[in-house]
Amino acid sequence: MLKFPKSAALSVLALTAFANPAFADGDIDAGEKVFKKCRACHAVGEGAKHKVGPELNDIFGRAAGGAEGYKYSKAMIAAGEEGLVWDADSLTEYLTNPKAMIKGTKMAFGGLKKDEDIDNILAYLKSFSTEQAAASEAASESAEGAEPAENATAAPAADKPATETALVVETSQGAFGLGRKAMPDEIAAWDIDIRPDGTGLPDGKGTVAEGEPIYAEACAVCHGDFGEGAGRWPVLAGGQDSLLKERPVKTIGSYWPYLSTVFDYVRRAMPFGNARSLSDDDVYALTAYLMYLNDVVEDEEFELSKENFTQMRLPNEANFIADDRLNEPHYAKGEEPCMSDCKPGPVQITARAQVIDVTPESEGEESSGGSID
């Protein structure tokens with residue numbers, strides 16, 4: 001069973017509209033928070049580049065499918081050729097229900113349900129348009145011109161040269177003398193793996209209830225509101241008793257053996273496109289919520305922490321066995337393993353990747369790959 005916990009804009013004068021982080025139709029700061037749902041696939045701001053989806057600088061006034069260098073779906077390109085240009089009205093319709101507006105879009109996101117969220121995210125995106133930036137700069141310069149004389153004539157403080165600390169490194173002792181030995185802090189940055197016995201776990205804690213809003217904000221856009229997977233993104237919950245079926249559903253609750261794998265992967269690689277942005281407490285809370293979605297825990301107030309982490313068990317743990325290949329004859333005797341002509345007779349295909357749930361089914365060119373309009 002899949003489940004989840006229970007869980008005005010201000011009007012401003014035109015003269016101060018750009019000095020205040022609120023536009024008539026929405027609030028920029030609130031829009032930045034809503035945009036976290038989009039950040040996994042889209043980038044905006046200085047240095048923004050295409051990710052899974054196109055970068056969104058200057059989206060206002062851009063023709064649909066018009067971001068240079070991004071591979072759009074045929075449906076999005078056709079919409080642009082037919083005259084669709086992004087403005088407040090068209091973006092509102094698209095963000096409400098992408099697939100309903102442009103059938104065939106690769107946008108997996110189901111849409112924003114609150115009008116306030118749409119107004120706010122439009123205000124946020126509008127702040128990254130060239131037209132708005134120019135108006136903002138003009139308003140800022142006008143405000144600076146009204147500063148008191150003593151402020152206007154104050155001499156800037158002289159820049160002080162930064163004191164540089166010499167970096168002491170140890171040269172490589174390798175045969176070619178290339179590079180240098182890694183510094184302790186560099187090693188620590190990579191040495192973040194978590195073992196099933198709890199080795200490597202950081203201090204921290206988080207509850208199911210605390211994890212739910214984190215999931216909704218950073219994960220649901222790809223994995224669905226209940227872990228069911230959006231579009232072709234991975235399913236995280238459900239699938240119990242499906243492993244022996246022709247098409248097993250491999251999730252945290254049906255297949256994964258250890259909770260440490262969940263914690264390690266989320267901490268290391270998620271959210272998609274913004275990895276390592278979660279605090280350790282966030283990862284504990286998010287892991288607790290994923291346990292809740294998979295019925296591993298049932299109390300919304302359950303708290304996962306470093307202290308009780310190793311007491312948690314996933315349902316399929318017993319079906320994984322220890323890697324005992326070193327006990328196999330050719331390893332135990334020190335013999336080299338066979339690498340050619342090891343099996344008599346012709347090679348036979350016993351199963352196809354699609355059947356054993358490795359390769360997703362293809363629904364045509366439009367759904368291939370991992371992109372999103």
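Reader: Which residues form a disulfide here, and how far apart are their sulfur atoms?
Author: Cys338 and Cys342 form it, with their sulfur atoms 1.9 Å apart, where a disulfide is taken to be a pair of cysteine sulfur atoms within 2.5 Å. This is a predicted model, in which local features need pLDDT of at least 70 and side-chain atom pairs count only at pLDDT 80 or more, while totals for chains, interfaces and linings use all residues. Residues are numbered from 1 along each chain as its sequence is written, and side-chain values use heavy atoms, leaving out hydrogens and water.

Reader: How many disulfides does the structure hold?
Author: It holds one, and the link of Cys338 and Cys342 is left-handed, with -100° about the S-S bond.

Reader: Is Cys38 buried or exposed?
Author: Cys38 counts as buried, at 13% relative accessibility, given that buried means under 20% relative accessible area, exposed over 50%, and partly exposed in between, with a 1.4 Å probe and protein chains only. Cys338, by contrast, is partly exposed at 47%, and Cys342 is partly exposed at 46%.

Reader: Changing topic, how many residues are in the largest nonpolar core?
Author: That core has 35 residues, and Phe35, Trp86 and Leu125 are among those with the most contacts inside it. A nonpolar core here is a set of buried Ala, Val, Leu, Ile, Met, Phe, Trp, Tyr and Cys residues joined through side-chain atoms within 4.5 Å.

Reader: And which helix gives the most to this core?
Author: Helix H5 does, with six residues, and H5 spans 115-126; helices are DSSP runs of H or I with at least four residues, numbered from the N terminus.

Reader: What does Trp86 touch?
Author: Leaving aside residues up to four places away in sequence, Trp86 touches several residues, including Ile59, Met76, Leu91 and Ile102, where contact means heavy atoms within 4.5 Å.

Reader: Last one, where does Tyr258 lie?
Author: Tyr258 lies in the loop between helix H10 (220-223) and helix H11 (259-269), and this tyrosine is partly exposed, with a relative accessible area of 31%.

Conventions: Helices (H or I, at least four residues) and strands (E, at least two) are DSSP runs, numbered from the N terminus.
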